[in-house]
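Reader: I'm new to this one. Could you walk me through it?

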Amino acid sequence: MPVHRLPEHRQGGRPRGGAGPRGRGGHGVSTRLFGEPVARREDGRLVTGQGRYLDDLGHDALAAAFVRSPHAHARIRDIDVSAALDADGLVAIYTYEDLPERVRDPLPLLIPHPALTHGRTAYPLARDVVRHVGEPVVMVVARDRYLAEDAAALIEVDYEQLKPVVGVEEAVQGAHLVHQDVPGNVGAHLVQEVPSPGGAGAEQEVDAAPHRLSFRLDIERSASMPLEGRGVYARWDADDGSLRVYSSTQTSTSVRMAVAAKLGLPLPKVEVIAPDVGGGFGVKIVHPWPEEVLVPWAAMLLGREVKWTEDRREHFVASAHERAQVQQVRVGFDDEGRVLGLSVTILHDHGAYTPYGIIVPIITATQLLGPYKIGAYRVEFSSIYTNTVQVTPYRGAGRPQAVFCMERTMDKIAAYLGRDRAQVRAANFIQPDEFPYDQGLLFQDGRPLIYDSGDYPESLRLLKELVGWDDFHEVKAEAARHGRRLGIGIGCYVEGTGVGPYEGGHVQVTSDGRVHVSTGLTSQGQGHETVFAQIAATELGVPLDRVSVVTGDTRRFGYAVGTFASRAAVLSGNAIALACRKVREKALRVAAEALEADPRDLEIEDGVVRVAGNPGAGVPLATVAVLSNPLRYAFDEEAVRATQFAGTADLSRPPVDDGDEPGLEGRDYYSPVRSTFASGMHAAVVETDPDTAEIRILRYAVVHDCGRMINPMIVEGQIHGGVAQGVGGALYERMVYDGHGQLLNASFMDFLMPYATEVPYIQTAHLETPSPLNPLGIKGAGEAGVIPVSAVIASAVEDAEGIPVDRMPISPSELHELRRTSRR
């Protein structure tokens, strides 16, 4: 049965759950720290300016700057660097022709897929043709960044301009090509279809349904805006033949492997460290970026430290965007609003290159079904090249588009039938007793799309109660009597989280009793330092302040995948728990020998291993750590207990048993059989100004289910941040290209983001349906807040205005235009 958690302001005290699912090691997780709203440990240094970001490093390093294409599509006829050669502080200038073979090769296509028939990636520095504004053409290295920029400005590139292809509808006409060897600009084409229980296809079911609708939906481009953009800082040790790279990345281990491969270095000779990362949101999961190859290569060649940090305009035109899709929908349904057939065709704009494959449209296609069981489903997408910045995942990663499609469909069905929107959704819900529920599709990890747990009817009940859904018609009518336009909207979603293939964790207890935890994935503000410490402290029975956590440092943990797809807690959290259980098992065994007790009679509380029911009989975990490591030399008084003349050893056995290791530490990995599926529902009340068409959010409510929560406060923070980002995507953020492929709003003067004044107060409630797929019973939460917001706001604005809203984001000027055209 799910565990219900109502919002703090509605509770008489937050309920405490029982022990969770048991995993390897047989140790059930208590709620002593797991599940508690512990304050984030990392915030003290971050909010007081003590963070250590990429640009805080390497103050004496040489600086790189790049000459980038001012054209969306052009052939490079000549590069003249002569005027820059005498520039003050210049160290080196590099073009494509200067790069060695491995370095100059196209960047890797990270996620190949059979449907990606014409995958294309960029060169580190452009060769012959540039395909979007901002593509790097020349790298300059100088004494500092100012001098490097000055030198770059003196370099003249002669371009022959070519016709740019902007927008998927122009692209699919195929009159002009982004890549001359890609027919029709189509990089990928994929169809997935699930027939009805009777075996009929979606098109057949739509045609045979009592009611049918057809319509078009549009989502425009947006992009993440991290506090600090991308950045790379490299040190080469020629004597040792080793390279250390600091990168503002979401995947330090993968950057390490990519850099080693590109530069022809043995993997053990390359270290990659992610310092504090000021937000990632998906753009920093791409690797290697051109700069992640070029900066280390230059450091090796020059024998000097080299650094590059992205400026804000570079982030707009040289990183990555997301969201842009055109969706054509056909749906058939019965008198109750049950969907009998759904057919969706998607045009996905993936920009000039496909370094991250077609993960975004795959997620859209598969997550579109949400919490619903559909009679028959067919989805077809074409992923299209355009002369714009490449598209890779941005927080939500294809799901906001999917939810916009499905939830707009539900609203249109309700409007057509004259039924309550929540009632139509409830008629289509998967029921709690139907889990695990197989949607019959392949997810982004190539594994079946099988929902593991959930209770969607209960989530809807909680949401309606939270936002006042059933009474809103009275509120709306009363507002109308005073000339105010109010509307309410709703959006439901299911989010695949905890994508494999694996993550690992290492846990070590040192002789001072401290617990040191490391995992390979990186942190960008999610609170890993806190939640991973909570897991370790709970598993090992030690105070939280005795636990330290390191992430994203290949010196500490060399095997990992990365932080994306709401996977950190599920993958690394479970790996750390499993590693702790190994440590716990050994600690009890070593302590049992010292206490002459049965390990099964021992427990660990507050860092002391003691006999259960006899607090006086115990040994500190610090001492256990000493005893686990037989010593020849005593380096302090405590170490004397582990030396060969201490008189405590069993002389019939070797100091370290066969199959055992010295020290009190453990390493383990968690590899899921498939993804877990979190879920949630959002609702909003908006007011639209009758004169100015300004849209104001009056109330916002969220019900969320991420399985067992490690830290409810951090989950709340993730939701709040996600909603803020979702509000930006619904009302403010868009990338505006003109017909020449020029980005018209590539600065914070023109690209709008919500301030705190535009983000509403968010009421939340939590539903916990533990996942049966992992030892801790958890699901991811990182992207939950952003996913349904555009759908919710569109639903609410449409309810307030009585005008269909089929394109997002929506601005006051666009709402004004909708009003004008609807009066025709």
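Reader: How many bridges join strand 10 to strand 13?

Author: First, this is a predicted model, where local features need pLDDT of at least 70, side-chain atom pairs count only at pLDDT 80 or more, and totals for chains, interfaces and linings use all residues. Residues are numbered from 1 along each chain as its sequence is written, and side-chain values use heavy atoms, with hydrogens and water left out. Strands here are DSSP runs of E with at least two residues, helices are runs of H or I with at least four, both numbered from the N terminus, and two strands pair if DSSP finds at least two bridges between them. Strand 10 (residues 231–237) and strand 13 (residues 306–309) run antiparallel, with Val-232 opposite Trp-308, and the number of bridges joining them is 4.

Reader: Which residue in the turn between strand 10 and strand 11 has a positive phi?

Author: Strand 10 also pairs with strand 11 (residues 242–247), antiparallel and over 6 bridges. Trp-236 sits opposite Leu-243 there. The two strands make a hairpin with 4 residues between them, and the one with a positive phi, about 65°, is Gly-241.

Reader: Is Thr-497 buried or exposed?

Author: Thr-497 belongs to strand 19 (residues 485–497), and its side chain reaches the backbone nitrogen of Gly-780 at 2.9 Å. Buried means under 20% relative accessible area, exposed over 50%, and partly exposed in between, using a 1.4 Å probe and protein chains only. Thr-497 has 0% relative accessibility, so it counts as buried.

Reader: How many residues of helix 15 are buried?

Author: Helix 15 (residues 568–595) reaches 38 Å from its first C-alpha to its last, close to the 40 Å expected at 1.5 Å a residue; that expected span is 1.5 Å times one less than the number of residues. Just after the helix, Glu-596 takes a positive phi of about 55°. Helix 15 is mostly covered, and of its 28 residues the buried ones number 21.

Notes. A polar contact is a pair of N or O atoms within 3.5 Å; within protein, one must be able to donate a hydrogen and the other to accept it, and residues adjacent in sequence count only if both atoms are side-chain atoms.
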